[in-house]
Amino acid sequence: MIQLHNVSLAYQQDASALNNIDLKIGKGEFVFLTGPSGAGKTSLLRLLYGALAPNRGQVLIDGQNITRLSVSQIPLLRRSIGVVFQDFKLLQNRTVFENVAITLEVLGWGRADIGKKTMHILKQMGIESKYNLVTQRLSGGEQQRVALARALVNDPKILLADEPTGNLDDANKNQILNIFKEANIRGTTVVVATHDRRLIEQSYKRLVTLNKGEIVEQVEKETASDDQDL
Amino acid sequence: MNKWKKKQPATTKTFKRPTLAGDGFGGRAGFFLSRALTNIRQNVFVNVVTVGTITLALLIVSLFLLVFVNLESAAENWSERVQVTVYFDKDLTIQDQSTFREKISMLPGVSHVSYVTRDEAFKRFKNRLKGQETLLDGVRSEVLPTSFEIALKRSYRDTVSVENFVTVLKRIPGITEVQYGEEWVRRFNSFLNFMRLLGGLLGGFLVIAVIFIVSNTIKLTIYSRRDELEVMALVGATSFFIKAPFLLEGLIQGMVGAILSVVLLFGLYEGFLHNAGSFLTFNPVTSGLSFLPLEYVAGLLLAGALLGFIGSLTSLKRFISV
């Protein structure tokens, strides 16, 4: 599903953000990316949804080399990828419903279908009662769930999340993690960048550790017994 | 099975956009319009500021246009005075009159020819000396010459054309004395040219300033909503999908601004017409002032719409990279 071959990225000439990254993530995998701040986790995610282009190497999504996509093809790639941002990137003066529905509007869905599908995903996230509130009135955990709903509402093939539990308490963290797992069970490939060790140890199947722009360790759990906590 | 059947080429996976119901500009025009109207409703303050700026900017331009159009029409009226007079020191017979009239009328640029008899000339002279008619006691009309007064078409009233006309006129046998107020024509035409040049320069500067102010205001409104542009791009909206509602919004803002400016201008014009008599030496109602012609009003509305549209288009370029 996701393949990176010999990928290097530098924001400035002498400061590389990623260096010779080789990584393969299969369809339906659940991968944690970890590492200290500045290790290159966010840069790697940004490469995957076409917000950045590498200086060297290839990034393949579903067999397509996205470094060769034209500017007009990038939006089409993004329609198959849901992204949850560290700062949520919600429209503060819009309602919860509008924030989630925007994904389906972009895809050209009809009004009635947008309504049904949006309310369905809000129900899954447990925030259906807040659908008419503007997002700036929500708590951090609720805002995170709106961001997740927006990313998942069109059943993307890939879900990318950057520090999704950064400012949340334990109860909220577990709820968010369970949403990721449910999406993964439905067949979505999930890549979560985090440095929350407790979250990782609690539930990882595959762990990729980055440091100074390089992959320093890859660990894979043989069994997936942790699915029981769903 | 036909083994010669053409083999289907292996399909390569591309991120091909699916065709959706109501896709394309026509199918989505309603959606974009409702989106634009929703945006306006949700950002009332920003929209009021933009429309206000466009209104004031266009009001300045249209006020300038109104003054310019009225000055032009005043100049047009004054230019009626540009006329060429051919004098004869004898009375012309009816036959001579019609021969001369025919020859003069055939010259290019002539709009009207009239014969002034000695009596008519004497009557005019008397009128001019109203109150001092006694000066003319003992003077008879025979001392005055007869003449042909030739009015010229609009495009033949500039200095060079008048001089050329007079040269051709003098070639007609029997015509010797021609007057056309050379100095007045020259002064009038140089005043007209100066006024047009000044108007063109001022108007040009004004239009540039207006474009600058409006495009910067729109840029600020779009800047205040850059998060929205970013989010739309991140969830896979095409550049056109993001831009279309903003462009429509700009178009609506421009049109509303233009309509308001025309309404305000009309209000100001009517107010001036009915109140200026008290502080001006002339009565504006009877002075022949007129409002902007319909084609100018239509032009202003179009300019407003274009201003909003192009202002949005250039501003969006800076914020949308996808």
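## Two helices of chain B

The axes of helix α2 (residues 44-79) and helix α6 (residues 182-223) of chain B come within 10 Å and cross at roughly 170°. Axes here are lines fitted to C-alpha atoms, for helices over the stretch in contact, and angles run from 0 to 180 degrees between N-to-C directions. α2(B) and α6(B) are therefore roughly antiparallel to each other; angles under 35 degrees count as roughly parallel, over 145 as roughly antiparallel, 65 to 115 as roughly perpendicular and the rest as oblique. Sorted by class, the contact between α2(B) and α6(B) has 21 nonpolar, seven polar and no charged residues. In this scheme Ala, Val, Leu, Ile, Met, Phe, Trp, Tyr, Cys and Pro are nonpolar, Asp, Glu, Lys and Arg are charged, and the others, Gly among them, are polar.

## Basis of the description

This is a predicted model, in which local features need pLDDT of at least 70 and side-chain atom pairs count only at pLDDT 80 or more, while totals for chains, interfaces and linings use all residues. Residues are numbered from 1 along each chain as its sequence is written, and chains are lettered from A and ligands numbered from 1 in the order in which they are written.

## The two chains

Chain B has nine helices and four strands, arranged along the sequence as α-α-β-α-β-α-β-α-β-α-α-α-α. Chain A has seven helices and ten strands. Helices (H or I, at least four residues) and strands (E, at least two) are DSSP runs, numbered from the N terminus.

Of the 322 residues of chain B, 23% count as buried; for the 230 residues of chain A, the share is 42%. A residue is buried if 20 or more other C-beta atoms lie within 10 Å of its own, exposed if 12 or fewer, and partly exposed in between, with C-beta atoms placed from the backbone. Arg28(B), found in helix α1 (residues 24-42) of chain B, counts as partly exposed because it has 18 C-beta neighbours inside 10 Å. Arg28(B) and Ala244(B) are 216 residues apart in sequence, and their C-alpha atoms are 9.7 Å apart in space.

## Nonpolar cores

A nonpolar core is a set of buried Ala, Val, Leu, Ile, Met, Phe, Trp, Tyr and Cys residues joined through C-beta atoms within 7 Å. The largest core has 104 residues, and those touching the most other members include Leu33(A), Val100(A) and Met232(B). Helix α8 (residues 239-275) of chain B supplies the largest share of this core, eleven residues. Apart from it lies another core, of nine residues, among them Val86(B), Phe148(B), Phe165(B) and Val185(B).

## Strands of chain A

Strands of a sheet pair through backbone hydrogen bonds, either parallel or antiparallel. Two strands pair if DSSP finds at least two bridges between them. In chain A, an open sheet of four strands has the order β2-β1-β4-β5, with antiparallel pairing. Its edge strands are β2 (15-25) and β5 (64-65) of chain A, each of which pairs on one side only. Seven bridges link β1 (residues 2-12) of chain A to β2(A) in the antiparallel sense, and Val7(A) has Ile21(A) in β2(A) as its bridge partner.

Elsewhere in the chain, strands β9 (residues 206-211) and β10 (residues 214-220) of chain A run antiparallel and are joined by six bridges. Val208(A) has Gln218(A) in β10(A) as its bridge partner. β9(A) and β10(A) form a hairpin with two residues between them, and Lys212(A) in the turn has a positive phi of about 50°.
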